[in-house]
Amino acid sequence: MDVLPSKTYEIRTYGCQMNVHDSERLSGLLEDAGYVRAAEGSDGEADVVVFNTCAVRENADNKLYGNLGHLAPKKASRPGMQIAVGGCLAQKDRDTIVKRAPWVDVVFGTHNIGKLPVLLERARVQEEAQVEIAESLEAFPSTLPTRRESAYAAWVSISVGCNNTCTFCIVPALRGKEKDRRPGDILAEIEALVAEGVSEITLLGQNVNAYGSDIGDREAFSKLLRACGTIDGLERVRFTSPHPRDFTDDVIAAMAETPNVMPQLHMPLQSGSDPVLKAMRRSYRQERFLGIIDKVRAAIPHAAISTDIIVGFPGETEEDFQQTLHVVREARFAQAFTFQYSKRPGTPAAEMDGQIPKKVVQERYERLVALQEEISWEENKKQVGRTLELMVAEGEGRKDDATRRLSGRAPDNRLVHFTKPEQEVRPGDLVTVEITYAAPHHLLAEGAVLDVRRTRAGDAWEKRNTQRAAPPAGVLLGLPKVGVPEPLPAVTGGCAVD
């Protein structure tokens, strides 16, 4: 009997971890509706191309419309091809997208990603663009089917939205006010993931440690961390991104006292200057930020602390910038994600006086990067001689094949390249190594692997890749019907700008 190939899809993701996780849900929705993922490198050859956009960057819209323009001739030559645009930029620009790119079939927002398959089908049947932007969350995204990118590590959303009003950030206007999930629902999802083989989870929220404000429990986040410690088989727990305003002592205690909560903290600084923090509407000051760092280091001596920093915010003086450098020297971050300020259309900061010339911003940025590189290297050198247990990672080491090494993540999330052992190890397995060399952004373990622990997470990775290697299923031809093909079997396993 003839077989009709399934329709293929491709998702292009821009922006924060929230968008990455939303794209996993979009993949799950499409596969649940009968689509299959296009081969790597298909570059717009799929039947459906979805853009999951970010509105944080000044040139985000230029990038989107450039990519849409690249696809226009492909779509014109391929009847039936569809293009969808979702995410924060879609929530913000709405009807503008189809006016500037009339070949787009679907525009959907951050609150109604679950509608994508329906909107695609409606656009196909009605032969006109479908623009549907919900003003508030229709259903918590965790209720949607999800195609997890990793078999051994998973994002778990605990909240969506943000109650802060930082003047440089448009995310709260696009994601809405904070909505918290019930703790029982979160823990049930984690337990289900662990049952599938996942051994590391990252709790995700726009302002993750504000969790509980929507349900009226100020200690809900620390309680959630402790509850994660009771889940058998859950090896590692991380979270991102917290806000200094909500980083309370009970959270530090829970991190220190819960064995599977990793000694890692990403704490956005943004600026070390009190006047700039006030202009940003950040609800803490330099002393408060450094006080949190001191408390974390006292409770968790080996914690690796990373941060986000914006250089050149409107009105920033050289003295303000020097205060940022001072905090960097005092905090001794393992890593810093540094950004040159750029206007975010729709934010208060975009209209502020005192916009800094590009040349000045660039020069300050280079000084900051040079200082942080020096500190990162010094902090990494302190790891030499330590014995660490690594979770073997997939796709982390670009040179692994050439160097006959594998790569993994230490408990504090540092990237370690290690000598490939004779015994087979799989992503998700755990290996014990001794660190022999440090570079600013990675560590090396050049000696023999001291121990290998095969895990259920490694089993899950192996099972998933065995299934992917099997010939793809098709849809048998039968009586004609309206709509996409019947669903294929489910796949097993698995901006925040603060």
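**Close-up views of a predicted model**

View 1. The structure shown is a predicted model. Glu121 belongs to helix H5, which covers residues 116-126. Its side chain forms a polar contact, at 2.8 Å, with the side chain of Arg124. From Glu121 to Leu68 the separation is 53 residues in sequence and 20 Å in space, taken C-alpha to C-alpha.

View 2. Glu127 sits in the loop between H5 and strand S7 (130-132). Its phi is near 55 degrees, a positive value in a residue other than glycine.

**View 3. Arg94 between two helices.** Arg94 lies in the loop that joins helix H3 (88-93) and helix H4 (95-100). Here too phi is positive in a residue other than glycine, with a value near 50 degrees. Arg94 counts as partly exposed, its relative accessibility being 28%.

**View 4. The cis peptide bond at Ser241.** The bond from Thr240 to Ser241 is a cis peptide bond, and its omega is near -10 degrees. Ser241 is placed in the loop between strand S12 (236-240) and H9. H9, residues 249-257, is also one of the elements against which the buried residues of H11 pack.

**View 5. Helix H11 and its two faces.** H11 runs over residues 286-299, 14 residues in total. From first C-alpha to last it reaches 20 Å, close to the 20 Å expected at 1.5 Å a residue. Its buried residues are Gln286, Phe289, Leu290, Ile292, Ile293 and Val296. These lie on the same side of H11, because they cover an arc of only 150 degrees around the axis. Glu287, Asp294 and Ala298 are exposed and sit on the face turned away from that buried side. The packing partners of the buried residues are helices H9, H10 (274-279) and H12 (318-331), together with strands S13 (264-266) and S14 (304-311).

**View 6. Val296 and the nonpolar cores.** Val296, one of the buried residues of H11, is among the residues with the most contacts inside the largest nonpolar core. That core has 55 residues. With neighbours within four places in sequence left aside, Val296 is in contact with Phe247, Ile252, Leu265, Ala303 and Ile305. Another core, of 23 residues, lies apart from the largest one and includes Ala38, Ala55, Val107 and Ile133. In soluble globular proteins, nonpolar side chains tend to be buried together.

View 7. An unreviewed UniProt entry lists residues 381-449 as "domain: TRAM". Over this stretch the chain is 38% strand and 7% helix.

Definitions and conventions:
Residues are numbered from 1 along each chain as its sequence is written. This is a predicted model: local features need pLDDT of at least 70, side-chain atom pairs count only at pLDDT 80 or more; totals for chains, interfaces and linings use all residues. Side-chain values use heavy atoms; hydrogens and water are left out. Helices (H or I, at least four residues) and strands (E, at least two) are DSSP runs, numbered from the N terminus. A polar contact is a pair of N or O atoms within 3.5 Å; within protein, one must be able to donate a hydrogen and the other to accept it, and residues adjacent in sequence count only if both atoms are side-chain atoms. A nonpolar core is a set of buried Ala, Val, Leu, Ile, Met, Phe, Trp, Tyr and Cys residues joined through side-chain atoms within 4.5 Å. Buried means under 20% relative accessible area, exposed over 50%, partly exposed in between (1.4 Å probe, protein chains only). Contact means heavy atoms within 4.5 Å. UniProt positions are given in the numbering used here, feature names are shortened, and annotations may be inferred rather than shown by experiment. The expected span of a helix is 1.5 Å times one less than its number of residues. The arc is that of the directions from the helix axis to the C-beta atoms.
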